[in-house]
Amino acid sequence: MVVECGCCFHNCRLEEGSTGFCRARMNKDGRITAKNYGMLTSLSLDPVRKKPLALFYPDKFVFSVGSFGCNMRCAFCQNHEISQNDFCADGGQDFQREYVRYFPPENIAEYAYSLRSRDNIGVAYTYNEPLVGWEYVRDVSKLVREYGMKNVIVTNGCVSSQVLDEILPFIDAMNIDCKCFTKEHYSFLGGDFDSVVKSIEKCAERCHVEITTLIVPGFNDSVREIKEMASWLSTLKSFDGSIALHITRFFPRWKMTDTNPTPIGVMHELADAARIYLPDVFLGNC
């Protein structure tokens, strides 16, 4: 029986036992399931600023968890070891225990609560694309809320409106990657520009949102493009004020190890251009 996954714009049509483009969702017994549910590859108590969030508890920490899988294929991915991997290639029956371990939602919520003495505000779902396993994000975030703590998502924004409806009631802040500002470039990365625009617009109305753009030389480093993005962001209705933009410096990674880091001068030029429209623009990796 072929079943269509509605998690994102790919709308993968999956036969029994097959896995989607994201490597994290599969057709099991005639229904789409997240085979990465609770299968975590990364856990760390991080500064909130590292997400990055500059205007949301910036001097606190957040317990950060990541799984595997992603519905984009950015050649410059900073976490490709987990985002572009499938640790359950056989359908989840025999995963690589050296790299991934199952954590029930209640364990994550309880441990996050135990870290309050270390200035922990809650849980961040990050490192890979967390919303390819949105069911786990939803289940953990409900419990975290019951403990009176915060939920943060770091996402590429290529997700359906239906998924956002499921999780947004429990989310306090998001950092959404806006990789570029053209449909053509998004298509090159395996993403969907329209999905990201809609996600940013919807999330900004429901929770605190900040945006990150990694500036890759020769790809998205034009003043024109950053101005168009900043101008659009300045028009959005926001949950709690203007939207902060993080402009982050590229360093060689994954399939782009032969590309030089973004020149510092270019970073400052783009930040100045964005500040024409936005009051809060931050430089990263500089």
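Q: Is Phe 219 buried or exposed?
A: Happy to start there: burial is read from relative accessible area, where buried means under 20%, exposed over 50%, and partly exposed in between (1.4 Å probe, protein chains only). Phe 219 has a relative accessible area of 13%, so Phe 219 is buried. A word on the basis: this is a predicted model, where local features need pLDDT of at least 70 and side-chain atom pairs count only at pLDDT 80 or more, while totals for chains, interfaces and linings use all residues. Residues are numbered from 1 along each chain as its sequence is written, and side-chain values use heavy atoms, with hydrogens and water left out.

Q: How many aromatic pairs are there?
A: A pair of aromatic rings is described by the distance of the centres and the angle of the planes. Rings of Phe, Tyr and Trp (its six-membered ring) pair if their centres lie within 6.5 Å; planes under 30 degrees apart count as stacked, over 60 as edge-to-face and the rest as tilted. By this rule the count is 11 aromatic pairs. One of them joins Tyr 113 and Tyr 147, with centres 4.8 Å apart and planes at 35°, so this pair is tilted.

Q: What is the accessibility of Tyr 113 and Tyr 147?
A: Tyr 113 is partly exposed at 30%, and Tyr 147 is partly exposed at 34%.

Q: Which residue lies over the face of Tyr 113?
A: A charge sits over a ring if NZ of Lys or CZ of Arg is within 6 Å of the ring centre and within 35 degrees of the ring normal. Here Arg 116 lies over Tyr 113, at 3.7 Å from the ring centre.
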